[in-house]
Amino acid sequence: MRDLSGVFKAYDIRGVVGEQIDQELVRSIGAAFARLVGGPSVVIGHDMRDSSPGLAAAFAEGVAAQGVDVVSIGLASTDMLYFASGSLDMPGAMFTASHNPAQYNGIKLCRAGAAPVGQDTGLSEIRADVEAGTADLGGSGTVTERDMLADYAAHLRTLVDLSTSRPLRIVVDAGNGMGGHTVPSVFAGLPIEVTPMYFELDGSFPNHEANPLDPKNIVDLQAKVREVGADAGVAFDGDADRCFIVDENGDAVSPSAITALVAVRELAKDPGATVIHNLITSHAVPEIVREHGGNPVRTRVGHSFIKEEMARTGAIFGGEHSAHYYFRDFWRADTGMLAAMHVLAALGEQDGPLSELTRDYARYAASGEVNSTVRDQADRIAAIKAEFGGRDGVELDELDGLTVTLPDGSWFNLRASNTEPLLRLNVEAADDAAVAALRDEVLAIVRA
C-alpha cells in the first residue's frame, strides 16, 4: 500500500513531480475522484507549469475510465476553474502548485458549484481509495475541450462594472503565472491602461517567486509603478487566485484594508449582510463592517472554514490576511481578479489617489507573519498562555492557535504550522513602535 501522507494536504494534493507525484498516481486520483463525485462530467484546468498538461491528461484518463465524461478547459487560473465548475455545475480539478517552486505540482478539487473538497470533505476518502488500489472499471467517458476564458471574463464584468471608470493606468505583475493569461481578456476594451510585467507563461518563474505576500517579490512592481506614474499596481500569485495591491507611491496596501474596502462595496449592494473575516485580519475589518451596517463573523484561517461559514450564514463576502477574497456571487469561491476589479472600480469612481482611498481602511499597525522554528509547538504556546493569561484585563481566545488581546486593544495570534515545525506570529497595535515592542516580548518567550 502506497503511503500518500506527504502528498495529501489539508486543502489540496501537492508534491514534487517525479518524486511524490507522477502521472500514474494522478490517473488513480482521477479515478478515485470520479468515484467520489459520481457522474456525469468533471471539468479540468491546468496552469503553465511544464508538468501540468501531462498530469491533467492522466487525471482525465482516470476519470474517463470510470465512465465519467471530462470537459478540459486547458490553461486556466484557479478562479477560472471555479467559474467553470460553478457555471457548468460540474465537479472540478485544477492542476497547480500555486506559488510553490517549479519542481512542484498539485491538484485543487471541488464539487459541482465550486464547493471545496478538503480533508474532511472528500480528500481523505480519495486518499484511502488510491492507497487501496482504485479499480479501473474500463469505462469509456469522453474527453472534450472547451475554451472558457471569454465567458469567465464576461462574468466578472457583470459583477463589477469598470466601463464608466475614469481612465486609470495600472501595472500588473503576473509573476510568469496565470494572470498573464487572464488579465488581457478581463481588461480588454476598458478605460484602464495595463502595463504588463512578466506576462510570459513560464512555470520556472525566471523573474521572481510568484508569491506576492513576500515583500521581495513585489519590489519590481513597486519600482515600475513609481517609474511610469501608475495609479496602482496589482500582483498575482502563480495560479492567480490571490492578488496583492500597491498604491500610486508603490506602497503595499494590506489585504485587511482591501477586505474592508471590498466589504463596504458589497454591503452597499446588500445592506445588513454578513461579511466573513479570519482571525488574523485587522480589527479594523469588523469595526468597518459594523459601521456600514454589516454583520462581521470571525473564522479560523483557511479557505475551507471561510467557505463553510459563508454557506452557513449566507455571507456576501469573505477576506483573509493572505489576500484570498471570497464572493457569494462567485459561488463563494476565492478570486483575486474580482477583488482587484473592486479596488479599481472604487478608485475610478473618485478623483483621489489610491493611498487616500485606502487610508480610512488601514487603522492600525501590524507585524505581518513572523515565523519561528521550534522543537515543541504546544510547549511554546503554553508558555505564552502562562505568561499573558494571568495579567489583568487580558483576554485569551483559542479558536485557532492562541489569540491574546491586551487592555489597550493591541493583540497577537500564535499558531502552529500544519506542515512544518514552525510557530506563526501576527501582531497588531496602535503604531509601529507598539507592534515592535509586543512582537519582541512574545518572540523572546517563543524562541527561549
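My entries on a helix pair and a sheet follow.

**Ground rules.** I am working with a predicted model, where local features need pLDDT of at least 70, side-chain atom pairs count only at pLDDT 80 or more, and totals for chains, interfaces and linings use all residues. Residues are numbered from 1 along each chain as its sequence is written, and side-chain values use heavy atoms, without hydrogens and water.

**Helix pair.** I looked up α3 (residues 78-88) and α5 (residues 149-159). Helices are DSSP runs of H or I with at least four residues, strands are runs of E with at least two, and both are numbered from the N terminus. The two helices pack at about 90°, and their axes are 10 Å apart. Axes are lines fitted to C-alpha atoms, for helices over the stretch in contact, and angles run from 0 to 180 degrees between N-to-C directions. So α3 and α5 are roughly perpendicular (65 to 115 degrees).

Which residues make the contact (heavy atoms within 4.5 Å)? From α3 I noted Asp79, Met80 and Phe83; from α5, Leu149, Asp151, Tyr152 and His155.

**Sheet.** I found an open sheet of five strands, ordered β9-β8-β10-β11-β12, with mixed pairing. Two strands pair if DSSP finds at least two bridges between them. The edge strands, β9 (192-197) and β12 (252-253), each pair on one side only. Strand β11 (residues 243-246) pairs with β12 in the antiparallel sense over two bridges. Val246 has Ala252 of β12 as its bridge partner.

**Helix on the sheet.** I then checked α6 (residues 179-187), which packs on the sheet and touches β8 (168-173), β9 and β10 (232-236). Its direction makes about 170° with that of β9.

Methods. Angles under 35 degrees count as roughly parallel, over 145 as roughly antiparallel, 65 to 115 as roughly perpendicular and the rest as oblique. Contact means heavy atoms within 4.5 Å.
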